[in-house]
Amino acid sequence: MFEKAEELKKLFEEKSNQAAASQDVEQLRIEFLGKKGFVTGLMQELRNVPNEKKKEAGQKINELKQAIEAQIAEKLEEIKKIEEQKLIDATESYDETMPVSVDVGSYHPITLVRREVESIFLSMGFAVEDYSEITDDYNCFEALNIPKHHPARDMQDTYYLSTNQLLKTHTSAAQNTILRKYKSNLEQGNPIRAIFPGRCFRNEKIDACHENTFFQMEGIMVDKDISISNLIYFMKTMLSEVFQRDITVRLRPGFFPFVEPGFELDIQCLICGGEGCPSCKDSGWLELCPCGMIHPNVLTAAGIDPEEYTGFAFGLGMTRLAMMRYGVKDIRVFNSGNLKDLSQFTEKSFTNPENESKEA
């Protein structure tokens with residue numbers, strides 16, 4: 001058993017060195033950690049180990065599994081950096097010194113809201129992370145306590161790619177990667193605090209409050225003795241800063257497999273004042289922030305002991321937040337590319353620095 005574990009470790013390292021793309025790493029994960037993988041097979045062989053050696057053998061297999069998981073995460077990060085550098089190297093060169101004498105554009109409304117929210121969370125000690133728009137089934141679903149064929153997947157009509165990857169349906173797809181990245185913080189006595197904004201994709205029926213491409217911002221905090229009170233505090237602080245006034249909110253039970261208990265944080269529609277309109281489906285409320293306490297299975301998948309640590313997670317709808325902030329009645333405006341519509345909601349613009357200095 002022990003010799004076989006060492007042989008598997010060497011075999012994994014050899015194959016890991018040969019992996020050159022993210023799909024290679026995913027295939028490697030399935031080969032070693034999947035339901036029919038080598039490590040799973042090794043666990044099944046425990047029944048043949050003498051009782052006095054089962055504990056030691058189990059620890060050895062667990063160490064092997066954790067080592068493979070850590071190396072897979074590192075390999076994915078390494079490949080991501082290489083791929084990003086290739087894109088940078090392939091980008092056409094341009095003349096940065098070329099003078100600009102007129103205004104050339106304005107920030108998108110969602111960009112303005114995103115930067116403002118990032119600034120608020122940075123002031124509260126959160127790190128801002130980025131994550132790919134293309135991910136795999138494991139990170140988007142399985143690592144979030146949503147196994148294959150689970151009915152919860154029906155809530156997200158997913159775009160699958162021919163590479164066996166998919167367009168991420170929610171920013172929660174980054175949770176496992178971010179938790180692993182900052183896990184060492186817990187060992188040093190510091191909490192994990194991070195937000196990761198990004199674009200998400202679902203095959204939605206498009207209307208005034210639904211789009212197939214939209215922006216979210218995921219947030220997580222993990223430490224000892226984290227509770228729902230911490231979650232409510234951070235949400236109220238963020239909303240009061242964004243809207244610069246008291247906002248009527250409600251917290252109601254909601255089902256999300258990766259949190260337990262789970263909640264829906266709704267805000268009273270700022271477009272109709274709660275009376276009902278197409279933007280809020282005539283309910284007077286707009287779902288803004290699904291949230292809850294991180295499920296123990298999600299912490300375990302990231303190598304964090306749920307008996308020792310707890311945490312909360314939230315998924316903030318940046319597109320809907322921008323709708324409320326700027327009074328945009330139809331979500332389709334944001335992806336329309338209509339500059340006339342978009343520019344009226346912006347507060348800042350890209351301008352010629354020379355013009356700014358002259359005006360000053």
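Is Arg250 buried or partly exposed? Arg250 is partly exposed, with a relative accessible area of 32%. The model is predicted.

## The chain as a whole

The protein chain has 360 residues, and 44% of them count as buried. It holds 13 helices and 11 strands. Along its principal axes, the C-alpha trace spans about 80 × 50 × 40 Å.

Arg115 and Leu265 are 150 residues apart along the chain, and their C-alpha atoms are separated by 21 Å. Arg115 sits in helix α5, which covers residues 109-123. Its relative accessibility is 46%, so Arg115 counts as partly exposed.

The second pair is Pro306 and Ser240. They are 66 residues apart along the chain, with 32 Å between their C-alpha atoms. Pro306 lies in the loop that runs between α10 (296-301) and β10 (310-317). At 26% relative accessibility, Pro306 is partly exposed.

## Salt bridges

Side chains of opposite charge can pair when their charged atoms come close. The structure holds 16 salt bridges. Three of them are listed here.

| Pair | Closest N to O distance |
|---|---|
| Asp266 and Arg250 | 2.9 Å |

Lys60 is partly exposed, at 24% relative accessible area. Glu6 is partly exposed too, at 33% relative accessibility.

Glu308 has 38% relative accessibility and counts as partly exposed. Lys224 is partly exposed as well, with a relative accessible area of 45%.

Now return to Arg250, which forms a salt bridge with Asp266. Asp266 lies in strand β8 (residues 259-268) and Arg250 in strand β7 (residues 249-253), so the pair ties together parts 16 residues apart in sequence. Asp266 is buried, at 1% relative accessibility. Arg250, at 32%, is partly exposed.

Some salt bridges share partners. In this way Asp137, Glu142, Lys148 and Arg153 are joined into one network.

## A negative patch

Which residues form a negative surface patch? They are Glu77, Glu83, Glu84 and Asp130. Glu84 lies in helix α4, which covers residues 51-90. With 39% relative accessibility, Glu84 counts as partly exposed.

How many disulfides does a search of the whole structure find? It finds 0. Cys200 is in no disulfide, and the nearest cysteine sulfur, that of Cys140, is 8.6 Å away. Cys200 is buried, at 0% relative accessibility.

A disulfide needs the two sulfur atoms within 2.5 Å. Cys280 counts as buried, because its relative accessibility is 2%.

## Backbone details

A few spots in the backbone deserve a look. Glu260 and Pro261 are joined by a cis peptide bond, with omega about 0°. Pro261 is placed in strand β8.

Two residues have a positive phi without being glycine. For Asn145, phi is near 65°. Asn145 is found in the loop between α6 (137-140) and β4 (166-167). For Lys281, which is not a glycine, phi is positive at about 55°. Lys281 is placed in the loop between β8 and β9 (285-294). Its relative accessibility is 56%, so Lys281 counts as exposed.

Conventions. Residues are numbered from 1 along each chain as its sequence is written. This is a predicted model: local features need pLDDT of at least 70, side-chain atom pairs count only at pLDDT 80 or more; totals for chains, interfaces and linings use all residues. Side-chain values use heavy atoms; hydrogens and water are left out. Buried means under 20% relative accessible area, exposed over 50%, partly exposed in between (1.4 Å probe, protein chains only). Patches are made of residues with over 30% relative accessible area and no salt bridge: like charges are joined within 9 Å, nonpolar side chains (Val, Leu, Ile, Met, Phe, Trp, Tyr) within 5 Å. Accessible areas come from the Shrake-Rupley method with a 1.4 Å probe; for residues, only the protein chains shown count as cover. A salt bridge is a side-chain nitrogen of Lys or Arg within 4 Å of a carboxyl oxygen of Asp or Glu. Lys and Arg count as positive and Asp and Glu as negative; His and the chain ends are not counted. The place of a charge is taken as NZ of Lys, CZ of Arg, CG of Asp or CD of Glu. Helices (H or I, at least four residues) and strands (E, at least two) are DSSP runs, numbered from the N terminus.
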